[in-house]
Amino acid sequence: MQGELPGQSVEEIAVDAAINAVEDSGLTFADLDGLIACKSVQGNGNDVTVGQLLGLNLPYVQSLDYGTCNFSLHLAVAAIGAGLCNTVLLTYGANARSRKFDFGRPMYGADMASAAGLVHIAGRAGLALQRHKAIYGTTDEQFGMLAVGQREWARKNPNAIFRKPLSMDDYLAEKYMVEPLRRSDVTMISDGGVAFVVTTAERAADLPTKPVYISGIAEHAGVRGEHNPENLMRPWLKDAARDIWANTGMGPADIDALYIQDPTALWTLQMLEYYGFCDLGEGGPFLAEGHTLPGGDLPLNTHGGQLSESYTWGWMHLVEAVRQLRGQAGERQLEAPETAMYLSSHGFVKAAASILSTNASVGS
């Protein structure tokens, strides 16, 4: 659920999503032995407050400050692998829109970028895009294919918040939000809640719903931040890319549907290149060729992403990946996808990648 949910707390939104997820799984709350809660951007919705509303006493409960779904998913995989639990509920809730959260404050605490006035992520992303354009010659028309393409996908999604047609002329006519980023290059702000149930492959095989398997995961952190050379270009993304392909024995050609968390479209451009879907610096021409559009050979953010569907820190990207693999995506359903990849990051400091499949034997 997403949009504007006035009068509801972060915890209430997360609980509503949790009830729907557990019902969808065919389990009951009595079957859970783990809870991982991702805090909202305001810092609410931790494991204790959500667990209390759900009435859960469980062997394993944890909170993440910035789950982006990928980091929450990976923690669940690690907890299950370590034997701390077997069936984990992941939750996220946010009401940043209805509560009018102030994004004009440093999101990562006091650092050199915020001291220079770059308190919102769009400031640093704008500089990074300017750098990409200067080095590789990326044009506005090429980069704009991301916003225009995701709107095309969103128009097929009845849950998307932005569904008004967006042509390239419309895009180019927009005023800059943070030059060279236009309004459609930056995420909307919305309320929303998402939840997942993660369990073992053996347990999932006994459930009534079609299981989706986790074929591989990888992370890499660049927490030295601005002390890293060229950190605006986030070069440590390539380390997570190297590991996810090595961990699974797979490559970009094996991915049927791609999901990239996109607080700004610049994230998507960088990850297309670092994860090898095109060569470094070739993202602009690659996008202009239409690979990621409806009907293309690399469907990208088929729900509309954060640019057009909703702002849920990337959690809806994983929802959409599961829907596509289950064949539940309605008008935008792809033709029998078997693998989906979800890429996310925590601003300019962390990267995470997951590959999902309909086949339990794919990947690691």
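A residue is called buried when its relative accessible area is under 20%, exposed when over 50%, and partly exposed in between (1.4 Å probe, protein chains only). By that definition tryptophan 245, at 13% relative accessibility, is buried. The model is predicted: local features need pLDDT of at least 70 and side-chain atom pairs count only at pLDDT 80 or more, whereas totals for chains, interfaces and linings use all residues. Residues are numbered from 1 along each chain as its sequence is written, and side-chain values use heavy atoms, with hydrogens and water left out.

Helices (H or I, at least four residues) and strands (E, at least two) are DSSP runs numbered from the N terminus. Asn70, Phe71, Ser72, Leu73, His74, Ala76, Ala79 and Ile80 are the buried residues of α3. Glycine 83 follows α3 and has a positive phi, near 80°.

Strand β7 (residues 191-199) has eight of its nine residues buried, so the rest of the structure largely encloses β7. Strands pair if DSSP finds at least two bridges between them. Strand β4 (residues 87-94) and β7 are joined by eight bridges in the antiparallel sense. Within this pairing, threonine 91 has alanine 195 of β7 as its bridge partner.

## Aromatic pairs and charges over rings

Rings of Phe, Tyr and Trp (its six-membered ring) pair if their centres lie within 6.5 Å; planes under 30 degrees apart count as stacked, over 60 as edge-to-face and the rest as tilted. The structure contains seven aromatic pairs. One of them joins phenylalanine 101 and phenylalanine 103, which is edge-to-face because the planes stand at 85°, with the ring centres 4.8 Å apart. Phenylalanine 101 is buried at 18% relative accessibility, and phenylalanine 103 is buried at 12%.

Tryptophan 245 and phenylalanine 277 also form an edge-to-face pair, 6.2 Å from centre to centre and with 70° between the planes. Tryptophan 245 belongs to helix α9 (residues 237-248) and phenylalanine 277 to the loop between α10 (265-274) and α11 (283-288), so this pair ties together parts that are 32 residues apart in sequence. Phenylalanine 277 is buried, at 11% relative accessibility. Tyr92, Phe196, Trp313 and Trp315 make up one aromatic cluster.

A charge sits over a ring if NZ of Lys or CZ of Arg is within 6 Å of the ring centre and within 35 degrees of the ring normal. Arginine 182 lies over the face of tyrosine 171, 5.1 Å from the ring centre. Likewise, the charged end of arginine 234 is placed over the ring of phenylalanine 348, at 5.9 Å from its centre.

## Salt bridges

A salt bridge is a side-chain nitrogen of Lys or Arg within 4 Å of a carboxyl oxygen of Asp or Glu. The count by this rule is 10. The table lists some of them.

| Salt bridge | N to O distance |
|---|---|
| Lysine 39 and aspartate 65 | 2.9 Å |
| Arginine 131 and glutamate 230 | 2.4 Å |
| Arginine 182 and aspartate 140 | 3.4 Å |

Arginine 182 is in strand β6 (residues 181-182) and aspartate 140 in helix α6 (residues 140-154), so placed that the pair links distant parts of the chain, 42 residues apart. Arginine 182 is buried at 4% relative accessible area, and aspartate 140 is buried at 17%. Lys133, Asp140 and Arg182 are linked in a network of salt bridges.

Lysine 39 is partly exposed at 21% relative accessibility, whereas aspartate 65 is exposed at 55%. Arginine 131 is partly exposed at 37%, and glutamate 230 is partly exposed at 40%.

Alanine 351 is located in strand β11 (residues 350-357) and is buried, with 0% relative accessibility. Contact means heavy atoms within 4.5 Å. Not counting residues up to four places away in sequence, alanine 351 touches Phe71, Ala218, Glu219, His220, Trp236, Leu237, Ala240, Tyr275, Ser344 and Ser345. One of these, Phe71, is among the buried residues of α3. Alanine 351 and alanine 82 are 269 residues apart in sequence, and their C-alpha atoms are 22 Å apart in space.
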